[in-house]
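The following account leads the reader through one protein structure. Please keep the sequence and the coordinates in view while reading.

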Amino acid sequence: MLVDLDSRTIFISAIAIDLRKGFQKLADYARANLGIDIYQDQSCCVAFINKTGKCLKVVGKKHEQEIMFTIRLHSGRFQQLPTMEQTSFFHRVSKETFLRYVQGNAIMTKRNRL
């Protein structure tokens, strides 16, 4: 991967979003709805999936550079992650978990409610 994920906190949005949006719109969405300010906290990145689950877009910032890349699955879908609580619409994951997710594998999530 082009981005050094070892030193970054990775968040995966549990809300499907229109991935035609560019970096600015996705960063604004993360700040307004997820409470994650990519511009202030450059040690994190946020991954969004589209409604069909076929495409994933990651946004982050490194120094003055905006980082955005897209990953598309040719078979299967990215797992739709449940919202953990009413106020939490993202999942914080480790680098290893994120790499499994990017390869199309299911990941374990904690559910507080049934």
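Phe 23 counts as buried because its relative accessibility is 7%, where buried means under 20% relative accessible area, exposed over 50%, and partly exposed in between (1.4 Å probe, protein chains only). This is a predicted model, in which local features need pLDDT of at least 70, side-chain atom pairs count only at pLDDT 80 or more, and totals for chains, interfaces and linings use all residues. Residues are numbered from 1 along each chain as its sequence is written, and side-chain values use heavy atoms, with hydrogens and water left out.

A search of the whole structure finds two aromatic pairs; rings of Phe, Tyr and Trp (its six-membered ring) pair if their centres lie within 6.5 Å, and planes under 30 degrees apart count as stacked, over 60 as edge-to-face and the rest as tilted. Phe 23 and Tyr 39 form an edge-to-face pair, at 5.9 Å centre to centre with 85° between the planes. Phe 23 lies in helix H1 (residues 23-34) and Tyr 39 in the loop between H1 and strand S2 (44-49), 16 residues apart, and the pair thus links distant parts of the chain. Tyr 39 counts as partly exposed, because its relative accessibility is 21%.

Tyr 29 and Phe 48 also form an edge-to-face aromatic pair, with 6.0 Å centre to centre and 70° between the planes. Here Tyr 29 of helix H1 is linked to Phe 48 of strand S2, 19 residues apart. Tyr 29 is buried, with a relative accessible area of 19%, and Phe 48 is buried as well, at 0%.

The wider fold gives these pairs their setting. The protein has two helices and five strands, taken from DSSP runs (helices H or I, at least four residues; strands E, at least two) and numbered from the N terminus. Along the sequence the pattern is β-α-β-β-β-β-α. The five strands form an open sheet of mixed pairing in the order S4-S3-S2-S1-S5; two strands pair if DSSP finds at least two bridges between them. Strands S4 (65-72) and S5 (90-93) are the edge strands, each pairing on one side only.

Within the sheet, strand S1 (residues 9-13) and S2 pair in the parallel sense over four bridges, and Ile 12 stands opposite Ala 47 in S2. Helix H1 packs on the sheet, touching S1, S2, strand S3 (55-62), S4 and S5, where contact means heavy atoms within 4.5 Å.

Of the 114 residues of the protein, 43% count as buried.

Technical notes. Axes fitted to C-alpha atoms, helices over the stretch in contact; angles between N-to-C directions.
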